[in-house]
Amino acid sequence: MSDVIPTGTTLDSEFLFERMTAETLGATRAAPGKRVLDVASGFGQDAIALMEETGAEVHGAEPSERMMAWTRLKSAEADSAVPVWTRAWSDALPFSDDVFDASFCKGAIDHFDRPLLAIGEMARVTKPDGRVVLAIANFDSLSCRTARWADGVREGLLGQEVARGRRHYDVPADHFTRYELGLMREQAAHHIVVEDVIGISLAWGIPVWTRSVGHLPVPVVERVLRFLDATARRLPGLADVIVLAGRPRARA
């Protein structure tokens, strides 16, 4: 994760991931008696949190044996009910049609080499009146645009050397797709009737703001973060993360 966003290091990073998790899990509309699938569940933290917070029956599908082993180890230590874990690829989910009330994928679909098939599988296993939720980093965000422009000015006009290595607007090597709102909508629309588009966080990674976060008073930073997040909600195309949610499209 630290190659994408250095979590736990700054207030703006922590805020971004907390809001991304809250909006993604909330968009599933999970509740007691509902069945929810976490696709590419990783270490299982989101599936566990959703089950604890809502009382829903949660399943996690994850292809990595290493992550699944860690998840099972932590589950064995739990004192209460835990999600059902299944090792599976996202584009070939081993579940029957229409068995979940919701399915979600948080921050992983850009790692998939066949994302359209994965979205189709999520829609297939979700009931017609259920919810399919996708949360994806936006590489055409205001932050990415601003940082890319600033680096271009420094290099091209001012002749300054910009530190190399991956910039936050560069797509990581383990991502197959560079997502932005238009592409997100286009791919989702093949299998989902998109009902909600939610922008989360604004300006993460803009150097002057990131440097300021560690020096300004915490209450000031928190107020600014909330204001920027509210702005991102109205302007999802500029947001750092975008959550799309809707019901499965009717199958032929």
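I began with helix H4, residues 115-125, in this predicted model. Helix H4 lies across E1, E4, strand E5 (126-137), E6 and strand E7 (241-248). I noted its direction against E5 as about 150°.

Next I looked up the sheet itself. Seven strands make up an open sheet with mixed pairing, and I read their order as E3-E2-E1-E4-E5-E7-E6. The edges are strand E3 (84-87) and strand E6 (192-200); each has a single partner strand, so one side of each has no neighbour in the sheet. On average, neighbouring strands of this sheet are turned by 20° against each other, direction ignored.

I then went to the pair E1 and E4. Strand E1 (residues 35-39) and strand E4 (residues 100-106) run parallel and are joined by three bridges. For leucine 37, I found the bridge partner in E4 to be serine 103.

Is serine 103 buried or exposed? I have it as buried: its relative accessible area is 0%, and the cut-off for buried is under 20%.

Which residues touch serine 103, leaving aside its neighbours within four places in sequence? I listed Leu37, Met122, Thr126, Arg131, Val132 and Val133. Leu37 is the bridge partner I had already noted. For methionine 122, I also recorded a distance: its backbone oxygen lies 3.4 Å from a polar atom of the serine 103 side chain.

Terms used. Residues are numbered from 1 along each chain as its sequence is written. This is a predicted model: local features need pLDDT of at least 70, side-chain atom pairs count only at pLDDT 80 or more; totals for chains, interfaces and linings use all residues. Side-chain values use heavy atoms; hydrogens and water are left out. Two strands pair if DSSP finds at least two bridges between them. Helices (H or I, at least four residues) and strands (E, at least two) are DSSP runs, numbered from the N terminus. Axes are lines fitted to C-alpha atoms, for helices over the stretch in contact, and angles run from 0 to 180 degrees between N-to-C directions. Contact means heavy atoms within 4.5 Å. Buried means under 20% relative accessible area, exposed over 50%, partly exposed in between (1.4 Å probe, protein chains only). A polar contact is a pair of N or O atoms within 3.5 Å; within protein, one must be able to donate a hydrogen and the other to accept it, and residues adjacent in sequence count only if both atoms are side-chain atoms.
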